Amino acid sequence: MARRSIVQEIKDFRAGLERYYNNMRIQMQNEHRVFKREYGRDVVRVPKGVPIHIPSTAPALIRVARDQIHVESAQAMVDSLGDSARAIERQEKIQLLHQTNILNLQTRGKVNIPRQAASDMFIRGAACAKVMFDEDAWPDIPDQEEGESAEDYKERLNQADAMRATSWPFIVRPIDPLNALPDPSERWPMDFCIEAQKRRVIDMKTHYPHWRDPLRQSFPVGDNRRDDPMREVEWVEYWTKDRYVVLADGDPVIDKPNPYSVVPYVFCYSGLGRE
């Protein structure tokens with residue numbers, strides 16, 4: 001379990017990153033409001049009593065631009081290391097692997113990752129994704145059983161290899177750039193990243209029974225929020241290449257070595273300008 005020192009360290013570190021990214025995040029939030037047409041007199045200043053017409057120009061522009069990005073036809077291009085038959089064969093295999101990965105990013109999850117990234121690029125000016133390894137989707141290589149012939153064992157090995165060849169052992173999730181505080185150095189792999197999301201009390205108690213629900217006592221007896229299973233819980237993940245820590249409403253529920261030895265986030269900007 002995490003020590004108190006790491007809890008305070010993460011809180012302080014997060015506060016510093018929020019200050020660093022403050023202007024960018026305010027701009028993202030303002031652009032989101034314009035896209036959702038959620039603004040009024042605080043943006044359009046007119047005399048009291050004068051009606052305001054909020055046009056759909058902004059969302060229309062974003063949707064048209066987004067639809068011009070044809071992620072379904074994305075192609076992987078790999079240079080050959082030479083002109084020999086072996087080099088060309090290697091190039092074709094790697095290119096096919098990358099092309100399959102692009103297809104999997106579009107079809108394997110609940111969300112089309114490239115499509116969501118294109119949308120976030122236009123709305124947020126940035127895109128973010130988290131990539132994790134799914135052990136359950138990666139078939140094990142079987143051990144040879146006692147008394148099993150070499151031929152039968154080889155057949156089972158071939159079956160396992162065939163299953164691995166068609167498996168996609170990754171969980172890729174699009175992350176709202178507003179929920180991520182990446183390493184400002186823009187190196188990849190990152191040195192660290194903080195992600196903040198919302199979960200529910202019932203989810204926490206089901207999957208993390210040791211969670212202490214530190215905010216429960218802040219609600220007086222009789223307040224429905226005190227034992228509301230749908231009450232929101234702030235879920236904060238802190239990743240470095242060596243460590244993975246999760247705070248749920250400030251209470252540490254996970255503190256363990258990073259199983260990937262790499263920070264599993266990709267964060268990039270649209271490159272469409274700073275304003």
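Which residues make the nonpolar surface patch of about 450 Å²? They are V131, F133, F170, W188 and V266. A patch here takes residues with over 30% relative accessible area and no salt bridge, joining like charges within 9 Å and nonpolar side chains (Val, Leu, Ile, Met, Phe, Trp, Tyr) within 5 Å. The areas come from the Shrake-Rupley method with a 1.4 Å probe, and for residues only the protein chains shown count as cover. Before going on, keep in mind that this is a predicted model, where local features need pLDDT of at least 70, side-chain atom pairs count only at pLDDT 80 or more, and totals for chains, interfaces and linings use all residues. Residues are numbered from 1 along each chain as its sequence is written, and side-chain values use heavy atoms, with hydrogens and water left out.

W188 is exposed, with a relative accessible area of 60%, on a scale where buried means under 20%, exposed over 50%, and partly exposed in between (1.4 Å probe, protein chains only). The backbone does something worth a look here too: a cis peptide bond joins W188 and P189, with omega about 0°. P189 is in that loop between β3 and β4 as well.

Now for the rings. A pair of aromatic rings is described by the distance of the centres and the angle of the planes. Rings of Phe, Tyr and Trp (its six-membered ring) pair if their centres lie within 6.5 Å, and planes under 30 degrees apart count as stacked, over 60 as edge-to-face and the rest as tilted. By this rule the count comes to 10 aromatic pairs. One of them is Y20 with Y21: the centres are 4.9 Å apart and the planes at 90°, so this pair is edge-to-face. Y20 is exposed at 55% relative accessibility, while Y21 is buried at 5%. F133 is partly exposed at 33%, and F170 is partly exposed at 35%. Elsewhere, ring pairs link W239, Y244, Y260 and Y265 into a cluster.

Next, charges. Side chains of opposite charge can pair when their charged atoms come close. With a salt bridge taken as a side-chain nitrogen of Lys or Arg within 4 Å of a carboxyl oxygen of Asp or Glu, a search of the whole structure finds 16. In one of these, the closest N and O atoms of D176 and R124 are 2.9 Å apart. D176 is in the loop between β2 and β3 and R124 in the loop between α5 and β1, so to speak distant parts of the chain, 52 residues apart. 
D176 is partly exposed at 26%, whereas R124 is buried at 9%. E237 and K130 also meet in a salt bridge (2.9 Å, N to O). Here E237 lies in strand β5 and K130 in strand β1, so the pair ties together parts that are 107 residues apart in sequence. Both ends are tucked away by the cut-off: E237 counts as buried at 7%, and K130 counts as buried at 3%. R216 and D227 form another salt bridge (2.8 Å, N to O). There is a network to trace as well, with salt bridges linking R14, E18 and E234.

Which residues of helix α3 (residues 57-67) are buried? They are P59, I62 and R66. Seen down the axis of α3, these buried residues fall within an arc of 65° (taken from the directions from the helix axis to the C-beta atoms), so they line one face of the helix. Their cover includes α2 (22-35) and α5 (113-123), with contact meaning heavy atoms within 4.5 Å.

D213 has a positive phi of about 50° although it is not a glycine. This residue is in the loop between α7 (201-207) and β5 (232-240), and D213 is buried, with a relative accessible area of 5%. D249 has a positive phi too, near 55°. Its place is the loop between β6 (243-248) and β7 (251-257), where D249 counts as buried at 15% relative accessibility.

Definitions and conventions:
Helix = DSSP H or I, 4+ residues; strand = E, 2+ residues; numbered from the N terminus.
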